[in-house]
Amino acid sequence: MDQQVDQIVQAILIASNPSQGSLHQQALDYLSGIQQNANETWRLALTLFVDATPDGTRKHPTEARFYALRVLDDFLENRFQGLEDESFRTLQQTFLAYIQSEYTYGSAEATAPFLRNKFSHTLTLLFLATYIDQWPTFFADLFALMRPRESTSETPFNPHVSLLFFHLVLEISGEVADQLIKGARQFSNDRHIRDARVRDAVRDRDAARMNEAVLTIVADSAERLKQLRQTDASSQKEVAVVLEVVDWGVRTFGSYAGWIDINLTVTPTTVQLLFGLLSDDSLSVRLATSVALLRIVSKGLKEPSDKLQLIKVLALGQVLAALEEKTRAEQRNRGEDTDEGEESYREALGRLLNILGIELMKLLEDGPEEICSEASALLQQILPVMLRFMADEYDDTCSTIFPMLQTVLASYKRGRKVSTDEEKRTFLVSLLSVILDKMKWVEDVDLEDIDDDDKAAFELLRKDLRSFMDSVLSIDQDLVTEAVRAQALKTLSAYSSGVSVKWNDAELAIYLIFIFGEINKTSGKGRSAFCQAPAVPKDKRKEVNYAEYPLTTHGELISALFESGISAYPSQPVVMQLFETVARYGDFFKVRNSCIVPALEAMVDARGLHSPKSAVRARVFYLFHRFIKENRNEISQELAGTLLEGIRDTLVIQVELPEVDPTEPQQDLLAEATSGADPQLYLFETVGTLISLFWKSPEQSTALLLSVVRPLLDELSVNLQAAEGAQDVLPIVKIHHVIMALGNIAKGFPDYPSPVPQNYTFPPLEVFQNVAQAILLSLDAMKLFKAVRDATRFAFARILATAGPQVTQFIPTLMANLLAHFEPNELVDFINFLNLLIHKLQHDLFDVLDELIGPLNAHITAILSQPVNGTDDVLSHNDTKRAYLTLLNNAIASKLPAIFISDRNKDQFEPLLQSMLQLASDVSDPQSQRAAFTFLGRSVGIWGKLSSDGTANGDAVPGSQSLPGFERFIYESVVPTAFRVLSLSELNIKDGQVLVVLHEIANLLQIVGKTRGQEAYEFFVTVFLPAQGWPAETALEFTTKMRDLDTKQFRKYFSDFVRASRSGS
């Protein structure tokens, strides 16, 4: 055996040295084989671990002995039926001898402390496998080693064996009772049964002795520690050894306090001991004690009276109140010096109070009346303590009591009688005060240089505090609105009076006004949220002088923002919060338009659009846009002109190229530079909005638009020349940005009306035509670049919305250039662009679409017929298919059905219908299936009419005439396909998307009936349904319902009918 052991040791040394080449892998494979065959090799591992030299030191290297324990773990793990007697005796005797030599009389692995933890785990596995039937004296054997005959009165317990004992009990508790550990591993019923049996056996046999041993060691060691601390001659090493015993002893007590008899763990002696340790000088002891008490308090007890008695015996409320006051005073005395350890202790106390509060709330909700009364009195005692923890300057401590507070407020909400309960009302007032104070940023935080994680943590805290405020709001709205109003007005009034106001107080005041609209649930919407004016019809509002009417509370608060002059506060976070508030409540400025100018002045100057900080400008671009868009009708031409002049210098295209990672040669700099959102586009859209306000002065409107557009067109021209043959991406990025900016200027104008009202004044359409032409020239020169193609689609969509048919002549050239260089991932965007054109231009797009639909149909059909590999391909395939079906349905529904049967496309019409039938039969994609049935239904309604109907209406849509032979397609293909789908076994009628497909099939069947009339109903009753095996009565009833019910009623009937027929089959 010695030779084999030496061989294992040699292999371990080689395996730990990768430079050994091929030997290294051989050693790893050899050791893996040893471990996998632990049932045969465990004896070698046992020898390897315990072997000693004649002088008592361990024979083998530490890493080899650690490996030995891993092999023993594999042997003992998942042993649910015990061990063979001989194997058990060997392990038992060897381990006890090892403990005696190494822990009782030795150094307890002083040179390799990690081996102590590993050995305690291995011994725990042996305990779990053998305690019930083979080793019932496990604890007795340990106790004997813990207190040997030669122990003295000064050290009655061997500290090494005591620590081993503590680690063992901690391991045992973790294995059999810790739900976190049990939940982290795969469930095993055998393990579950074994763990329950072990818990019961420990409770019956050894719980009392185990608990007594732990508490005795802790008490003796605590007394010894006290003596050592009072003796100057004591060595630090001796103090450290005793302190370690106390610390681990308390942790051990806490580990089993939740699963053994409460009468053992809670006695006058233990309570006194624990409270003494809760205020010990050692932080680790205090933290361990708080966890132990937490587990005692949260222990489940059957009777509410027992739980109440436990809480009363512990008297934790009074203790925590005293400790909170003490630690708060210490915190105050430390000043700006942070002691993270002591703060973690306050956190622990907060968690302990939190659990105490939750347990009292459970008694209040579930207990009998007399229990509730006492629990309520105890709760009232700790609510002020809870508020003091919540007010802690450290957010981690503050949040420890959130679950308790949530439970208390939920109980108050159910009660709803706070107004008559002065005690509860007083608590809520104090709570609101704490919430408002905690909502403030810390004064010395620099928000312009704050870590993202810290900022996110505070915003999360604010969100939690808001939820508590909302809870109080649902209990007593007036209490919250008055508290918020008073806090905000107090700060604004102080600032306007010249009193020095801290930046975080100013920011909070504005933030409270920002959220007031969410808080004040009873206020109206629109103007009525800010002004107490009577309801006025929309078309009469221009005639009303809202300044004559008093403001609501929210209106007063926003008005106070401007009266106080807080916008001049020299702090960017304060001003940005003001901008957020102004942009959010645009309706206020419709009742007090005198505030518009000061709001815009602040936004336009160095506080906003002209700020030297790019991040500030980026956000204000959007807020300025939102404000102008909301209040465009309140802005005069004079003010609009002033604003345009004031922001003209900010309309220079800003380009920031991303940094290129030299380690990534495939990095596409152009794609990265043009893929992100550009906030400056909001500014260009706002420019369009401001120019559109000059609609009464067409010449001025044209001049202003040209004054903005010309510099952009010049820059476009310059960069087109610079981009020709150049390797630099900067000109291409600028071309992209200029085209996007031009599109957004158009977006600021109103949409082209359809139909055009009488005496309508158009925007400068000729300017937009010139812009469209310039963009097309750019595309023609730069169509190789996807970024330019994307920008062109974007810009044309905006220009088209504004100029309508006036730019239709550019569409064919646009399409030709977009399709000249085409990447597969652009197809869906291109189809969506076509859908937009169809929506905006309707029949004006006929010639373009007539020319395009055939090649596009062939291209997409080819793509959809290609094999699909991988998830990305499936998603791309489905997106393309759905976009294409949407296009077809839009075309057929938008006065364009003639494109499908035109001279150019009529040969592809029948294959198109066949592909629709295939898609309608594919139950794997219900979304596309529904769209296919929609197309078929519309096709039936257009081309399936009786011959007499096709020419009856002189206003009929071109291409909607009856097609000879189409009725055969309906009866021989469309209807059979619909019913074939219903019989497919893969059709999951419980799926919500499939229900929508059923509704579309029902629509299709009714369209067939209404389009073909009596002929269709006779076909169903006498031909088709009987051929499917339907009884005559059922066929007649179904057809009658299809004819007589409205669409909604027949959908429901049809879905129920399909469900019933499938469940019965």
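**Exercise 1.** Find which helix gives the largest share of the lining of the second largest pocket, and describe that lining.

*Solution.* Start with the share: H32 leads, with 6 residues. Helices here are DSSP runs (H or I, at least four residues), numbered from the N terminus. A quick note before going on: this is a predicted model, where local features need pLDDT of at least 70, side-chain atom pairs count only at pLDDT 80 or more, and totals for chains, interfaces and linings use all residues. Residues are numbered from 1 along each chain as its sequence is written, and side-chain values use heavy atoms, with hydrogens and water left out.

Next, the pocket itself. A pocket is an open set of points on a 1 Å grid over the protein atoms alone, where a 1.4 Å probe fits, with protein on both sides within 12 Å along at least five of seven lines; lining residues have an atom within 4 Å of a point. This one is lined by 36 residues, and Ala673, Gly676, Ala677, Asp678 and His737 lie nearest its centre. Helices giving two or more residues include H30 (614-630) and H35 (730-747).

**Exercise 2.** Work out which helix gives the largest share of the lining of the largest pocket.

*Solution.* That's H23, with 6 residues. In total 34 residues line the largest pocket, and those nearest its centre are Glu393, Tyr394, Asp395, Lys438 and Val442.
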